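Please view the sequence and the structure together before reading on.

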Amino acid sequence: MKYFGTDGFRGEANVGLNVYHAFKIGRFIGNYFNKYNNGSGKIVLGKDTRRSSYMFEDALSAGITSSGSDCYLLHVTTTPSMSYVINSGDFDCGIMITASHNPFNDNGIKLFNSFGEKMEDSILELLEEYIDNDKDTIKLATGEDIGRTVDYSQGRNSYIAYLIQTVTRSFKHRRVGLDCANGAASSIAKSVFDALGADTFVINNKPDGFNINVNSGSTHIENLQKFVIDNNLDCGFAFDGDADRCIGVDNEGKIMDGDSIIYVCSNYLKEHNSLENNEVVTTIMSNLGLYKALDRVGIKYVKTSVGDKFVQREMSERGDILGGEQSGHIIFSKYANTGDGILTSLRMMEVMIENKTDFSALTRDLIIYPQTLENIKVTEKEKVLENKELIKKIKEIEKELGTEGRVLVRASGTEKLIRVMIEAKSKDLCDKYAGEIIHVIENTGYVK
């Protein structure tokens, strides 16, 4: 699709994604669900802490109400809370304003269906046609048909209460660090852990509109690692801007990414005869070490394209209850229909407490292969991937690595980037092979 990639419509605020786009998205969605519900469309709207999120909130709200639907404002909240509110309430769809882990000058718009899942492609395709149409084919509502804007902050409070009641163990005497990335988790995460009895230590929870993800959160995990060690904490959890990701840090300061979390939680569920189909869903970006570890304990796995929406769809089709991405999008379908960073941290806490061990012991049998990840800005993603020399080089490296490594070269779903990932027995090998592939890409003529 032209605008909506794997995780919504994203771009620099008022450059790649502007206020007119937002208004038209609101117009289309408001009209579509107003017609669908015979003049009573109900749409819930949330945002992260970026300065531009307030501007996009106004534009979307105006578009929705001018098309006759009602707009329920969650204000600053997390993406998973949006999904929860839609699924637990009588809403037609939801819109989340966020660019996730991107810097503050970017923003994005994510759309969710009435089940709290990513919006169907068929509707997004119609929406894109409307965005590109110079003529506005939707009539403005008038009189009593104009929609209402409703303050619905109670929805966020209901989500907090829901998170707390999913936990069956007290966190008393557990020293936990939280990095809220100066994002949406700032208004939710600490209150949840406090209510469960934890001694909660929080960093990066004072958003000012510009500091979201700046040297903080799941993409700058080194800060939480130091914080955990310096304060002698039992563990730590870092979220991204909209808190649909979680990266953990154990008591020794070691990173626990999405692969580690899937390994720990799948083992726990299997031991308790609760891992449906004895299977988890991963993406092609998951580490080779995860697959070898799952093989050793007899847990099956499925691989999807990158993007939590693909993970969720596969889980739904197969009836699996656990899946996710290396980046920290973890889906527990018993509790949620989308990745939820705070929910993930709660599940990890329960595993630690139930096993009566420290965090570091949970991953001692998991050996993660060294990995090199590089992003190359390009002008034509598809043409780069079709390059014959690149295809030849990838095959050469795959042959040399055999079963002790992996090569993955793919296009980003949200940006004009080619992502290169190499896994091997040593970091030196990873860097060597990544350098060879990047050299070939640079010679295609499509690198910015």
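## The β-α-β unit

A right-handed β-α-β unit is formed by strand 13, helix 9 (residues 288-297) and strand 14. Right-handed means that, with the strands pointing away from the viewer, the path from the first strand over the helix to the second runs clockwise. Helices (H or I, at least four residues) and strands (E, at least two) are DSSP runs, numbered from the N terminus. The model is predicted: local features need pLDDT of at least 70, side-chain atom pairs count only at pLDDT 80 or more, and totals for chains, interfaces and linings use all residues. Residues are numbered from 1 along each chain as its sequence is written, and side-chain values use heavy atoms, with hydrogens and water left out.

Strand 13 and strand 14 (residues 300-304) run parallel and are joined by five bridges; two strands pair if DSSP finds at least two bridges between them. Thr-282 has Lys-303 of strand 14 as its bridge partner.

## Burial of strand 13

Strand 13 (residues 279-283) is largely enclosed by the rest of the structure, because five of its five residues are buried (under 20% relative accessible area, 1.4 Å probe, protein chains only). Glu-279, Val-281 and Thr-283 point one way from the strand, while Val-280 and Thr-282 point the other way.

Three strands form an open sheet in the order 17-19-18, with antiparallel pairing. Its edges are strand 17 (371-377) and strand 18 (406-411), each of which pairs on one side only.

Strand 18 is joined to strand 19 (residues 417-423) by six bridges, and the two run antiparallel. Arg-410 stands opposite Arg-419 of strand 19.

Methods: Buried < 20%, exposed > 50% of the residue type's maximum accessible area, 1.4 Å probe, protein only.
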